[in-house]
Amino acid sequence: MRICAVALVGLIALTGCGKKKGGSHDGGLGGFVSGGSGGNDNPASGPTDLPSGMPTDLPSGAPSDVPSYGAPTPSYTYSAPATYNSDGTNDISASGCDYDESTRSFQYTLDLRNPETQSMHYSITIEWEDQNGGSLLGSDYKSVTVASGGSQTLSATSYRTLTQQTSFTCKVTSALKYPSST
């Protein structure tokens, strides 16, 4: 009987049953004493019976096994549009500045050559001016598309009746060119 009593007291001591702390009873819940409001419990002190062998040098920053992602690589390539000179006056050579009395018209022949690597559209203005007074005698407008490396001959015409002998000049006043959409 005495051995049973010693064993029972030992079991109670190990499990914490019957232990009182600060006037409260823990109810036999496996030897953990609740904090309660009395006694010398200091919950901020933390546990003192940690197992040995726990790591103390925790890494800082991002884990090394997490992949890092840089800037995305574009799945397309950009090529700048071809450059060209929008002034097409250098692409034109003109000849035959004349007045035809039978048709009562000014005439001028334009030879147009496209030096660009793409098809170009030309918008050309031609004027005939009185050489003495500088007044405008006539004008014509031509709009044409010329393939890359191609050439084309245009006839500019402006109808006007001249009543007296007149000296005049023919000139291309503007020739704007831009890539053709066709």
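Which residues are linked with Glu 116 in a network of salt bridges? I looked this up and found Asp 91 and Lys 177 linked with Glu 116. I counted a salt bridge where a side-chain nitrogen of Lys or Arg is within 4 Å of a carboxyl oxygen of Asp or Glu.

Notes on the model: it is predicted, with local features needing pLDDT of at least 70 and side-chain atom pairs pLDDT 80 or more, while totals for chains, interfaces and linings use all residues. Residues are numbered from 1 along each chain as its sequence is written, and side-chain values use heavy atoms, without hydrogens and water.

Entry 1, salt bridges. I noted a count of 4 salt bridges. In one of them, the closest N and O atoms of Lys 177 and Glu 116 are 2.7 Å apart. Lys 177 is in strand β8 and Glu 116 in the loop between β4 and β5, so this pair ties together parts 61 residues apart in sequence. Lys 177 is buried at 1% relative accessible area, and Glu 116 is buried at 14%. Here buried means under 20% relative accessible area, exposed over 50%, and partly exposed in between (1.4 Å probe, protein chains only).

I then looked at Lys 171, which forms a salt bridge with Glu 129 at 3.4 Å between the closest N and O atoms. Lys 171 lies in β8 and Glu 129 in β5, so the pair ties together parts 42 residues apart in sequence. Lys 171 is partly exposed, at 35%. I also found Asp 140 and Lys 142 meeting in a salt bridge, 3.7 Å from N to O. Asp 140 is buried at 16%, whereas Lys 142 is partly exposed at 22%.

I placed His 121 in strand β5, residues 120-130. His 121 counts as buried, at 15% relative accessibility. I found a polar contact of 2.7 Å between the side chains of His 121 and Ser 143. A polar contact is a pair of N or O atoms within 3.5 Å; within protein, one must be able to donate a hydrogen and the other to accept it, and residues adjacent in sequence count only if both atoms are side-chain atoms.

Entry 3, sheet. I traced an open sheet of 3 strands in the order β3-β4-β7, with antiparallel pairing. Its edge strands, β3 (92-100) and β7 (151-159), each pair on one side only. Strands count as paired if DSSP finds at least two bridges between them. Between β3 and β4 (residues 105-113) I found 7 bridges. Tyr 99 has Phe 106 in β4 as its bridge partner.

Definitions and conventions
Helices (H or I, at least four residues) and strands (E, at least two) are DSSP runs, numbered from the N terminus.
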